[in-house]
Amino acid sequence: MQAFRRSFSLSDMTPVTREILLSFWKVHILHHAASGPIYGLWLLNELAEHGHKLSPGTLYPILARMQRNGWLRATPGATARARRYLRITPAGQAVLEQLREFITQLHEEVVIGPNRRAPVCRGRRPAAREPKPGSGRRRA
Ligand SMILES: [Zn+2]
């Protein structure tokens with residue numbers, strides 16, 4: 001997927017792009033916090049690995065908001081300058097589980113699309129199509 005990676009910096013984002021990506025970043029943060037303790041600098045590097053170059057001035061308010069929402073909990077550092085680790089809370093885990101279902105559905109519809117698989121959207125039914133030869137399921 002390397003070829004599809006694109007770098008996002010805040011300076012070239014439209015407000016709409018930024019608004020949407022804020023949600024993506026929160027999902028990504030919850031995902032990693034569910035695997036173990038995380039901290040700000042690690043997240044900045046992790047998001048940059050995915051092409052999302054956030055500044056600390058963008059990330060830390062997001063983390064503070066996620067803590068206020070009760071999704072992340074910080075462990076107090078031994079000193080004021082000590083690294084503060086963030087862990088997911090049970091409420092954050094519940095949010096992540098909901099989001100995983102939604103993301104799975106969205107992925108099937110938006111990324112995989114109707115040409116490869118029937119869309120999961122129940123609102124409209126696409127016209128039935130014959131499968132192309134060699135494009136998936138075979139008839140018995
Ligand atoms: Zn990641």
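## Packing of helices 1 and 4

In this predicted model, the axes of helix 1 (residues 15-35) and helix 4 come within 10 Å and cross at roughly 120 degrees; axes are lines fitted to C-alpha atoms, for helices over the stretch in contact, and angles run from 0 to 180 degrees between N-to-C directions. Helix 1 and helix 4 are therefore oblique to each other, given that angles under 35 degrees count as roughly parallel, over 145 as roughly antiparallel, 65 to 115 as roughly perpendicular and the rest as oblique.

Residues of helix 1 that make the contact include Val 27, Leu 30 and His 31; those of helix 4 include Leu 96, Leu 99 and Ile 103. Two residues are in contact if their C-beta atoms, placed from the backbone, lie within 7 Å.

## Helix geometry

Helices (H or I, at least four residues) and strands (E, at least two) are DSSP runs, numbered from the N terminus. Helix 4 (residues 90-112) contains a kink of about 30 degrees centred on Leu 106, the bend being the angle between axes fitted to the seven residues ending there and the seven starting there.

## Confidence

Residues are numbered from 1 along each chain as its sequence is written. Local features need pLDDT of at least 70 and side-chain atom pairs count only at pLDDT 80 or more, whereas totals for chains, interfaces and linings use all residues.

The chain has an average pLDDT (the predictor's confidence in each residue, from 0 to 100) of 81, and 72% of the residues score at least 70. Over residues 135-140 the pLDDT is below 50.
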